[in-house]
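Opening my notebook on a new structure today. I want to look up how its side chains pair up, one kind of contact at a time.

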Amino acid sequence: MSGLDRSAVAFDVEFPVVVVGAGAAGLTAALAARDAGAEVLLLERDETPRGSTSMSQGYVCAAGSKIQRAAGIEDDAERFYADIMARTRGTANPDLARTVSDNAGRAIDWLVENHKIPFEMNLTWGGFFGHSVNRMHGVPSKRGEELHGALIRAAEEAGVNLVTGAHVDKVFADETNTVVGVRVRRADGSEELVGCQTLVLTTCGFGANLEMVKTYIPSFGQAANYRYFGHEGNEGEGIEWGRDLGAALGSMDAFQGYGALTEPYGIIANYDMVMNGAVTVNIEGKRFSNENADISAQALNILAQPEGTGWIIFDDARRAIVENLPEFRDLVTLGGVRTAPDADQLAALIRVPPDALKDTLAEVEKMTRGEMACPFGRDFSKSAPLSGTLHALKTTGALFHTQGGLKVNSKAQVIRADGTPLPNLFAGGGTAESISGTGCNGYLPAAGLCMAVTLGMLAGASAAELAASA
Ligand SMILES: Cc1cc2nc3c(=O)[nH]c(=O)nc-3n(C[C@H](O)[C@H](O)[C@H](O)COP(=O)(O)OP(=O)(O)OC[C@H]3O[C@@H](n4cnc5c(N)ncnc54)[C@H](O)[C@@H]3O)c2cc1C
């Protein structure tokens, strides 16, 4: 049941533009609609907006922004488009990839210049994973909370009517599939009916809806140790409303996983130490993957191991890379980092067979010295061997966010299978189809927030334009 309702109701209040979901996409859409002169109501189910946006590191990939150029980085929409298509082995929706690569840099410039969002280039970022140049725009703290807070502040300054604790559980539409309003349910059980001329859906993806995950991403949804690590409010409602209004869905099996979520702490293990030579073993003390091939697909690799867990094994040199990061300090405080003077004692501490762990580490040493090829194809040529005191972090694989959703055109209008737009429905962020193609390994780092701010900007501007012309 998606909550689509065809009955005629009298609305308590009406707005030209209603946006559902106050993550990065919804806030950006609301800002764009305000900039275009529309009265905007932004409805958020949580009392305090958090969304996956606050859980993220706040990085947005974009090509050709002014701050990227000022940092001396040569990039443009054509190159970004080529990277998207290469990363997804040609499976990304090419029209959408064009729209996003053409507009992402503009979205960053607009947010910086018109709304004082403190983006800067993260020049130390090393994990290109498919980006041929550095296009990582982030906020100074490298935390999504800061980005989210800056967008909320900007929305307040711009006069967006942000109402929190407002769960939209119904969308009303007429027989032409024109949306006429929504029902808002409050925590105390009361209801409000809000009419609208245009509706922007920014409720993110469906990671928190296990039934949808099982249907669309069976490799993940049916994993015995399935773990979702995005926002719990992302139940796919926006996608279901759009689908029931006649929208086409795209890239529904695509997702971003993460192969290094610590157990049982649910804190992200920073992957820089693995990229610099740490390895992951299973509870049998054996490596099972090229840890650096794909951080997203690594989630499935770990979930396929006994008990669905593994241990990242690292030494003092690799530890120094992450030592001062807040999440690593939290893990130390919680006792999540196990430390021992040698492999034998570490194996006893983490309860893996000592001989197997010693054999694994001896093989890794040979690989770093070029005396043996990695059976999983990992290139150890630039890694120094692990030495001295050893540490271990228990990890599992998790779903961060889904990448499939409502198909949209270059104005972020939700479209049908034949490409025609629905009368007055727009979508952005995780509610819309993304640029990740199919499956688990098409995700370009920071594409999630790129989709949020780029489609959010387009959706808000288009909705305001349509409302003004009505
Ligand atoms: C741990 C983690 C790290 C990540 N790091 C990055 C990164 O650095 N860079 C990057 O690009 N991406 C990253 N991502 C992905 C990124 O966070 C998402 O792609 C992005 O936040 C999506 O934005 P959104 O606005 O679509 O969704 P959200 O931020 O999730 O916002 C959706 C909002 O809609 C609300 N909502 C849902 N249903 C309703 C309803 N029916 N009524 C009212 N409100 C509703 C929710 O409560 C929520 O606040 C990360 C994700 C995770 C989980």
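Predicted model: local features only at pLDDT ≥ 70, side-chain atom pairs only at ≥ 80, totals over all residues.

I started with cysteine 440, which counts as buried because its relative accessibility is 14%, under the 20% cut-off. Cysteine 440 is in no disulfide either, as the nearest cysteine sulfur, in cysteine 61, is 18 Å away.

Aromatic rings. My search of the whole structure gave eight aromatic pairs. I looked up phenylalanine 229 and phenylalanine 400: the ring centres are 5.7 Å apart and the planes sit at 35°, so I wrote the pair down as tilted. Phenylalanine 229 is in the loop between α8 and α9, while phenylalanine 400 is in strand β16, so this pair ties together parts 171 residues apart in sequence.

Next I took phenylalanine 314 and phenylalanine 328. Their planes are at 70° with the centres 6.3 Å apart, so this one is edge-to-face. It joins strand β14 to helix α13, parts that are 14 residues apart in sequence. Phenylalanine 314 and phenylalanine 328 are both buried.

I also noted a cluster in which ring pairs link Phe229, Tyr258, Tyr271 and Phe400. One charge-over-ring contact went on the page as well: the charged end of arginine 98 sits over the ring of tyrosine 81, 3.7 Å from its centre.

Salt bridges. I got a count of 29. In one of them, aspartate 75 meets arginine 135 at 2.8 Å, N to O. Each lies in a loop, aspartate 75 between α3 and α4 and arginine 135 between β5 and β6, so the bridge ties together parts 60 residues apart in sequence. Aspartate 75 and arginine 135 are both buried.

Then came arginine 378 and glutamate 291, with their closest N and O atoms 2.9 Å apart. Buried or exposed? Arginine 378 is buried at 5% relative accessible area, and glutamate 291 is buried at 0%.

Last, glutamate 191 bridges to arginine 185, also by a salt bridge, at 2.8 Å between the closest N and O atoms. Here I found glutamate 191 partly exposed at 41% and arginine 185 partly exposed at 30%. Asp169 and Arg183 join these two in a network of salt bridges.

Note on methods: Residues numbered from 1 in each chain as written. Heavy atoms only, no water. Disulfide = S-S within 2.5 Å. Buried < 20%, exposed > 50% of the residue type's maximum accessible area, 1.4 Å probe, protein only. Phe/Tyr/Trp six-rings, centres within 6.5 Å; stacked < 30°, edge-to-face > 60°. Helix = DSSP H or I, 4+ residues; strand = E, 2+ residues; numbered from the N terminus. Lys NZ or Arg CZ within 6 Å of the ring centre and 35° of its normal. Salt bridge = Lys/Arg side-chain N within 4 Å of Asp/Glu carboxyl O.
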